[in-house]
Amino acid sequence: MEQITLNMDNVEYPAKGKLYMGLDCSSKAIHSVWVDDQERLIAQCKWGSKKKNSEERFLDFGVDFWDSLSKIRLILSDVITVEAAVEAAIYIQNPKATIAIASVAGLTRFACFMNGFECEFVDNTKWKRDVLGKGNASKLEIKEFAIAKWGEDKFPEQDFADAACIALWKKRRVENVRRT
């Protein structure tokens, strides 16, 4: 199991309120980014595996993700609400890869629900359109947006930039629903 945690030790969790978690899944890892009500980047975490077999990888980082969410839930207690969004699996020409990604996304959403986090799937074209203004934004455009908003040193991997934008999409979606 490969777990990379950024900014988790020195995280200043709000005393109350909401946190928004964006999740970007692949067959090799789950990338998670958390933002607060002021759209500040609070934490980033990656659960991954370098095992060659996708079934072994899934179990390797899937169980660790599940365990980590349970611990995070205890830290946050019932005072802080967490709302999450997981990028929905996209169709890839390789059916095996599509199934693997869909399995990871499903596990991720289920783990959120089991830990009391509201969670929904979001299509990649939806969050890209709502956050970047362009539903077919490229990886470069996503990373450039994330760097402009949160700083250059925050995104060692593209998937962290994606997860940050997904968290931002969720935060703004919740905010817009509250206004109406």
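**Figure 1. Strand β3 is largely enclosed by the rest of the structure, because eight of its eight residues are buried.** The model is predicted: local features need pLDDT of at least 70, side-chain atom pairs count only at pLDDT 80 or more, and totals for chains, interfaces and linings use all residues. Residues are numbered from 1 along each chain as its sequence is written, and side-chain values use heavy atoms, with hydrogens and water left out. Buried means under 20% relative accessible area, exposed means over 50%, and partly exposed lies in between (1.4 Å probe, protein chains only). Strands (E, at least two residues) and helices (H or I, at least four) are DSSP runs, numbered from the N terminus. In a regular strand the side chains alternate between the two faces of the sheet. Both faces of β3 are covered, with A29, H31, V33 and V35 buried on one side and I30, S32, W34 and D36 buried on the other.

**Figure 2. Strand β3 is joined to β2 by seven bridges and to β4 by seven bridges.** Two strands pair if DSSP finds at least two bridges between them. β2 and β3 run antiparallel, and L19 stands opposite D36 of β3. Three residues lie between β2 and β3 in their hairpin. β3 and β4 also run antiparallel; here V33 stands opposite Q44 of β4, and V35 has L41 of β4 as its bridge partner. The hairpin of β3 and β4 has four residues between the strands, and E39 in the turn has a positive phi of about 65 degrees. Strand β4 is mostly covered, as eight of its eight residues are buried.

**Figure 3. Helix α1 comprises residues 54–76.** Its 23 residues reach 32 Å from the first C-alpha to the last, close to the 33 Å expected at 1.5 Å a residue; the expected span is 1.5 Å times one less than the number of residues. At the start of α1, the backbone nitrogen of E55 has a side-chain oxygen of N53 within 2.7 Å. An α-helix has 3.6 residues a turn, so residues three or four places apart point the same way. The buried residues of α1 include F61, F65, L69, I72 and L76.

**Figure 4. The largest nonpolar core has 25 residues.** A nonpolar core is a set of buried Ala, Val, Leu, Ile, Met, Phe, Trp, Tyr and Cys residues joined through side-chain atoms within 4.5 Å. M21, L23, I30, W34, L69, C112 and F117 have the most contacts inside this core. At least two of its residues come from each of β2 (17–25), β3 (29–36), β4 (41–48), α1, β5 (80–87) and α2 (95–114). Helix α1 gives the most to this core, with five residues. Apart from it lies another core, of 23 residues, among them V131, C165, L168 and V174.

Figure 5. A disulfide is a pair of cysteine sulfur atoms within 2.5 Å, and a search of the whole structure finds zero disulfides. C119 counts as buried because its relative accessibility is 5%. Leaving aside neighbours within four places in sequence, C112 is in contact (heavy atoms within 4.5 Å) with M21, L23, L69, A84, F117 and C119.

Technical notes:
A polar contact is a pair of N or O atoms within 3.5 Å; within protein, one must be able to donate a hydrogen and the other to accept it, and residues adjacent in sequence count only if both atoms are side-chain atoms.
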